[in-house]
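Have the sequence and the coordinates open as you read.

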Amino acid sequence: MNSNDHAWMARALQLARKGLYTTHPNPRVGCVIVKDDVLIGEGWHLRAGEPHAEVHALRQAGEAARGATAYVTLEPCSHHGRTPPCAEALVKAGVGRVVAAMQDPNPQVAGRGLARLRSVGIEVSSGVLENEARALNAGFIKRMETGLPHVRAKLAMSLDGRTAMASGESQWITGSAARAEVQRLRAQASVVLTGADTVLMDHARLTVRAAELGLDDELTQLALQRPPVRVLVDGRLRVPLDAPFFQAGPALVASLGNEPAARYQAGGHELLALPTPEGRVDLPGLLRELAGRGVNEVLLEAGPRLAGAFAAQGLIDEYLLFVAAKFLGSSARPLLDLPLERMREARELRIVDIRAVGDDWKITAVPQG
């Protein structure tokens, strides 16, 4: 490993982030090719079924790639999918060295790509800026390692930890900058998941709104090309089919299975029966089903009851708390419906980031352990 490896990998990660809104169900990957400390090719993966980052970078480098170093944010693939294996493309191009940020957690790769490179005498290094690479693809990694997607819970609250007035009124706790950030989180997610209470109270659509994204024109168009799947947890099917949520486009509804699916299918929606013996929607089962469909990241935008149910079952990987500088009072609704009686039952979090978003604050926290 040399002193420039971190700098070139940082550039590859910067390129990988260009696929933030588009690569699902694939990981976000960037690649740069360097020779004599000069950049000769770079690329990133844009969407599933299209060339991977290494292919774009090799095309740009051309014959100059022979003997060069390739920096790639994820181990080059070694299997034939919708595109040929990138490890073979690097071998054919004659690169002399490959630096990977991390090994691919996909069981179809899982070290085989790096092994193939070593087998033909290519020098291989791994682990450069691995933490940053893992953070960029947290959902893909979790799906490959556990069969579950990465769940982010977006919650907006006042300084006194309230999310809505007692009447259910909640628009708007936070300001326009925070709402734009939420739009970007939606565009980044594979799925936006909500509950019947939120849809009924707020007349929510849970769509990505171009005017509020706050991105440049190119990224806005990319984000809109792959809108997230909208999933509604509605055990007793309380949300009518003429509600704005259903009028906004196709949705997946997780229920107890007490309604013929034909009415939903006629509107372009899918009804998924996931009952538990206790008469609730099976939330872990729903996440497994979504992961089986290639879902990497779920953005949970729900009221206290559903968010509390996810928290109580340990299904939330990351909390995104938007905090407004206002009090809603003691009669307002709490952040989570999570009844705890003793201090030893408290759910401990580790705060990983705090930053201002307009006039509000965004706190990112993860469960301890």
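Which residues of helix α4 (residues 112-119) are buried? In this predicted model, they are Gly 113, Leu 114 and Leu 117. Because they cover an arc of only 95° around the axis, they lie on the same side of α4. As for their partners, the buried residues of α4 pack against the helix α3 (86-93) and the strands β4 (97-100) and β5 (123-126). Look just past the end of α4 and you will find Gly 121, which takes a positive phi of about 90°.

From here, let α3 lead you to another helix. Helix α2 (residues 53-61) packs with α3 at an angle of about 20°, and their axes are 9 Å apart. Angles under 35 degrees count as roughly parallel, so α2 is roughly parallel to α3. The crossing of α2 past α3 is left-handed. If you zoom in on the contacts, Glu 54, Val 55 and Leu 58 on the α2 side meet Cys 86, Ala 89, Leu 90 and Ala 93 on the α3 side.

Cys 86 brings us to the cysteines. How many disulfides does the structure hold? There are zero. Cys 31 is in no disulfide, and the nearest cysteine sulfur, that of Cys 86, is 8.5 Å away. With 0% relative accessibility, Cys 31 counts as buried. For Cys 77, the closest cysteine sulfur is again in Cys 86, at 3.8 Å. A disulfide needs the two sulfur atoms within 2.5 Å, so this pair is too far apart for a bond. Cys 77 also counts as buried, since its relative accessibility is 8%.

Methods: Residues are numbered from 1 along each chain as its sequence is written. This is a predicted model: local features need pLDDT of at least 70, side-chain atom pairs count only at pLDDT 80 or more; totals for chains, interfaces and linings use all residues. Side-chain values use heavy atoms; hydrogens and water are left out. Buried means under 20% relative accessible area, exposed over 50%, partly exposed in between (1.4 Å probe, protein chains only). Helices (H or I, at least four residues) and strands (E, at least two) are DSSP runs, numbered from the N terminus. The arc is that of the directions from the helix axis to the C-beta atoms. Contact means heavy atoms within 4.5 Å. Axes are lines fitted to C-alpha atoms, for helices over the stretch in contact, and angles run from 0 to 180 degrees between N-to-C directions. Angles under 35 degrees count as roughly parallel, over 145 as roughly antiparallel, 65 to 115 as roughly perpendicular and the rest as oblique. A crossing is left-handed if the near helix is turned anticlockwise from the far one by less than a right angle, and right-handed if clockwise.
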